[in-house]
Amino acid sequence: MTKPADPQPRARGGRSARRRAREFALQGLYQWLVGGHALAEVEGHLMEHESFRELEPATDMAHFRELLHGTIDGADELRREFAPYLDRNVEALSPIEHGILLIGTYEMKQRPEIPYRVVINEAVELAKSFGGTDGFKYVNGVLDKVAGQLRPAEVAARG
């Protein structure tokens with residue numbers, strides 16, 4: 001069985017422009033979750049950072065902004081979607097897992113054109129790159145249940 005792919009062209013380093021957008025959004029969410037900074041401050045800080053400016057041409061900037069703004073602005077609603085599937089309180093999640101679950105749930109809810117399996121795969125890849133040793137398994141399990149809730153017809157069709 002082949003792994004679902006993100007339909008975005010590949011940028012330098014083999015990562016799609018959308019994956020880079022998700023990575024930068026996760027960095028912004030980390031700053032927001034850990035530092036409590038305002039959205040405008042987080043976005044400004046990211047855009048001023050040298051690595052961001054260097055990779056900006058290879059990043060889907062519209063998707064980055066949508067994810068950053070959509071997850072922060074809708075965080076409470078997104079948490080209500082995934083919280084029932086956690087084995088702990090939301091506050092006990094690592095900031096990385098928390099941010100990834102916000103991104104994955106946002107994409108499941110707001111971007112139906114992205115197949116749910118792609119959303120989960122991208123979240124798992126973020127967790128493997130930035131999270132704890134087995135964090136990707138946890139993210140995968142939670143988002144799989146969120147997919148059943150938010151996209152039941154798509155999940156059923158995959159059988």
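1. Order of elements. From the N terminus on, the protein chain runs α-α-α-α-α-α-α-α-α. That makes nine helices and zero strands. The model is a predicted one, and the points below should be read as such.

2. Confidence. The mean pLDDT of the protein chain is 88. A score of at least 70 is reached by 86% of the residues. Residues 1–13 are the stretch to treat separately: pLDDT stays under 50 there. The model still gives residues 1–13 30 contacts beyond four places in sequence.

3. The protein chain has 159 residues, and 48% of them count as buried. Take the contacts between residues at least 6 apart in sequence: 68% of these join residues at least 24 apart.

4. Helix 1. This helix covers residues 17–35, 19 residues in total. From first C-alpha to last it reaches 27 Å, close to the 27 Å expected at 1.5 Å a residue. Of its 19 residues, 14 are buried, so helix 1 is largely enclosed by the rest of the structure.

5. Helix 4. The buried residues of helix 4 are Met61, His63, Phe64, Leu67, Leu68, Gly70, Thr71 and Ile72.

6. Thr105. This residue lies in helix 6, residues 95–110. Is Thr105 buried or exposed? Thr105 has a relative accessible area of 0%, and buried means under 20%, so Thr105 is buried. Where does its side chain find a polar partner? A polar atom of the Thr105 side chain lies 2.7 Å from the backbone oxygen of Leu101. Beyond its neighbours within four places in sequence, Thr105 is in contact with Leu78, Glu81, Phe82, Leu143, Val146 and Leu150.

7. Rings and charges. The structure holds zero aromatic pairs. Two rings do have a charged residue over the face. Arg88 lies over Tyr138, at 4.2 Å from the ring centre. Lys128 lies over Phe136, at 5.1 Å from the ring centre.

Key:
Residues are numbered from 1 along each chain as its sequence is written. This is a predicted model: local features need pLDDT of at least 70, side-chain atom pairs count only at pLDDT 80 or more; totals for chains, interfaces and linings use all residues. Side-chain values use heavy atoms; hydrogens and water are left out. Buried means under 20% relative accessible area, exposed over 50%, partly exposed in between (1.4 Å probe, protein chains only). Helices (H or I, at least four residues) and strands (E, at least two) are DSSP runs, numbered from the N terminus. pLDDT is the predictor's confidence in each residue, from 0 to 100. Contact means heavy atoms within 4.5 Å. A polar contact is a pair of N or O atoms within 3.5 Å; within protein, one must be able to donate a hydrogen and the other to accept it, and residues adjacent in sequence count only if both atoms are side-chain atoms. Rings of Phe, Tyr and Trp (its six-membered ring) pair if their centres lie within 6.5 Å; planes under 30 degrees apart count as stacked, over 60 as edge-to-face and the rest as tilted. A charge sits over a ring if NZ of Lys or CZ of Arg is within 6 Å of the ring centre and within 35 degrees of the ring normal. The expected span of a helix is 1.5 Å times one less than its number of residues.
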